[in-house]
Amino acid sequence: MTDLSFADLPYHEDSALLFDKIADEPWSVFIDSGLTPGIQGRYDILAARPEVCITTQDRKTKIQTYSQSYTVPDSPFTVLSELLSASRQSLPDLPFAGGAIGFLSYDLCRYMEKIPVIAKDDVGVPDMVMGIYSWMVVVDHKKKRAVLVGDRSRTRAYRDWDELVKLFAAPSTHGKYREFRVNTQAASNMTREDYMRAFGQIKDYILQGDCYQVNLAQRFVADVEGDPWAAYRTLRKMNPSPFGAYMNYPDLQVLSNSPEQFLSVRGNTVKTKPVKGTRPRSSDPLKDRHLALELAESLKDQAENLMIVDLMRNDISKNCALGSVQVPKLFDIESFPNVHHMVSTITGKLPEQRSALDLLRGCFPGGSITGAPKIRSMEIIEELEPHRRGVYCGSIGYIGFDGNMDMNIAIRTILHRQQKMYFFAGGGIVQDSNARAEYQETFDKAAAMMRLLEEYSADAVGH
């Protein structure tokens, strides 16, 4: 076991004030509980300067350290497993103390399943990007504490330690010098008619018995310029979400505002919280309560949610101990600034011979964003959505040397690349879905991202 070093830092309720100090560094990452109160919003994790950078694309994985760079044909899960083999004891009240942070794109599913190649890949997002980090800042909002944690036996962590303590202790500039601008309106890759045609095709597949549910999404793109970190700071205030992230890679940035947890492992306890069922929020308290109650009592949404609960129970059962999988919460209503969601919770226990990575591989991608049965739903998505999803509906989070893991479902997530922002919004289609309602739901889910673009549009006041 490696000895860790700790240094207390100034605590801020808004951890963005700390991330400001490293936001411009390549491979800087911010796992963001999004100013959300309660246990879900307890921890934020900030890191930069990884010991190892891992990028998987075109069936090859590039591994880059400070001294060398090489490419291997191995499965990205095998690569991660080997790099995380230096096991470490987990510490109470410390969710992450070194290991991998990054994203798995939705299209990583092609490493596990044979999916046809139909949708256009016009953005070229890597299938996986992960850094192995030996130091990080962990912010505990319950204890109102920020601490620098590091393995000082690692050369880089040892060399940077005193500089990092000074850097994070210095007063924040509040990001006031950062500028961002949106130059075009968000354009969809589907017309309303395109969406209706795809919706009708899914209904036909359901009637034919191919599937029970398929998640159908449209993609939006807008031309932008400036610093995406400025945009993310605004997005997280507009729509606080418990499983957010900002990731600054050399040629792309990820801005995730996700409300959905995919998989967590703490000790040997596994948890997944699929989201299925949505209603918009209302500024009228009475109407807002009515919308939440309508969702809670909707037999259609309960049926849709239950399909995904069954799918996820099956997926986690591949690696959990026999008889350990439980559903402690079914059809809970969780309310976010823009929408109400129906959320269920499934738990299980990992046996000693299985790891968090085994679990992740066995469940990826999340059933809540594919449909059921999963593989046939993914084939239909590939046929009907014009473009590859990339980061959208993949997963963002961390896998620690201690075996703990927390990964989101990358919905409400923006990809910034080459002065363009891409984001998707979708929903599950079942037999009794209404085409107009489902089409509108995609816009309800995209509301915060659309508002962000309006806030920074070239003709908006003050920008």
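This is a predicted model: local features need pLDDT of at least 70, side-chain atom pairs count only at pLDDT 80 or more; totals for chains, interfaces and linings use all residues.

Student: Why is K374 called buried?

Tutor: Buried means under 20% relative accessible area, exposed means over 50%, and partly exposed is in between (1.4 Å probe, protein chains only). K374 has a relative accessible area of 13%, so it counts as buried. This lysine lies in helix α9, residues 374-384; helices are DSSP runs of H or I with at least four residues, strands are runs of E with at least two, and both are numbered from the N terminus.

Student: What is K374 in contact with, leaving aside its neighbours within four places in sequence?

Tutor: Contact means heavy atoms within 4.5 Å. With those neighbours set aside, K374 is in contact with L311, D315, C363, F364, P365 and G367.

Student: Why does Q326 count as partly exposed?

Tutor: Its relative accessibility is 44%, so Q326 falls into the partly exposed class. Q326 belongs to strand β19, residues 326-335. Leaving aside neighbours within four places in sequence, Q326 is in contact with T345, I346 and T347. Q326 and I346 are 20 residues apart in sequence, yet their C-alpha atoms are 5.7 Å apart in space.

Student: How do you know that the span of helix α3 agrees with its number of residues?

Tutor: The expected span is 1.5 Å times one less than the number of residues. Helix α3 has 15 residues (155-169), so it should span 21 Å, and its end C-alpha atoms are 22 Å apart, which agrees.

Student: Where is the kink in α3 centred?

Tutor: The kink is centred on W161 and is about 50°. The bend at a residue is the angle between axes fitted to the seven residues ending there and the seven starting there. W161 is also one of the buried residues of α3, along with R156, A157, D160, L164 and F168. What covers the buried residues of α3 includes β1 (5-9), α1 (16-19), β9 (135-140) and β10 (145-150).

Student: What makes β9 largely enclosed?

Tutor: Six of the six residues of β9 are buried, so the rest of the structure largely encloses this strand. On one side W135, V137 and V139 are buried, and on the other M136, V138 and D140 are.

Student: Which strands pair with β9?

Tutor: Two strands pair if DSSP finds at least two bridges between them. Strand β3 (residues 43-47) is joined to β9 by four bridges, in antiparallel fashion, with Y43 of β3 partnering D140. Six bridges join β9 to β10, also antiparallel, and there M136 stands opposite V149. β9 and β10 form a hairpin with four residues between them, and K144 in the turn has a positive phi of about 50°.

Student: Why is the pair R42 and D93 called a salt bridge?

Tutor: A salt bridge is a side-chain nitrogen of Lys or Arg within 4 Å of a carboxyl oxygen of Asp or Glu, so the N to O value of 3.4 Å for R42 and D93 qualifies. This pair links distant parts of the chain, 51 residues apart: R42 is in the loop between β2 (28-32) and β3, and D93 in the loop between α2 (76-83) and β7 (99-104). R42 is buried at 8% relative accessibility, whereas D93 is partly exposed at 35%.

Student: Which residues touch the most other members of the largest nonpolar core?

Tutor: A nonpolar core is a set of buried Ala, Val, Leu, Ile, Met, Phe, Trp, Tyr and Cys residues joined through side-chain atoms within 4.5 Å. In the largest one, of 66 residues, L104, M130, L359, L360, I399 and M405 touch the most other members. Helix α4 (residues 192-207) gives the most to this core, with six residues.

Technical notes. Residues are numbered from 1 along each chain as its sequence is written. Side-chain values use heavy atoms; hydrogens and water are left out.
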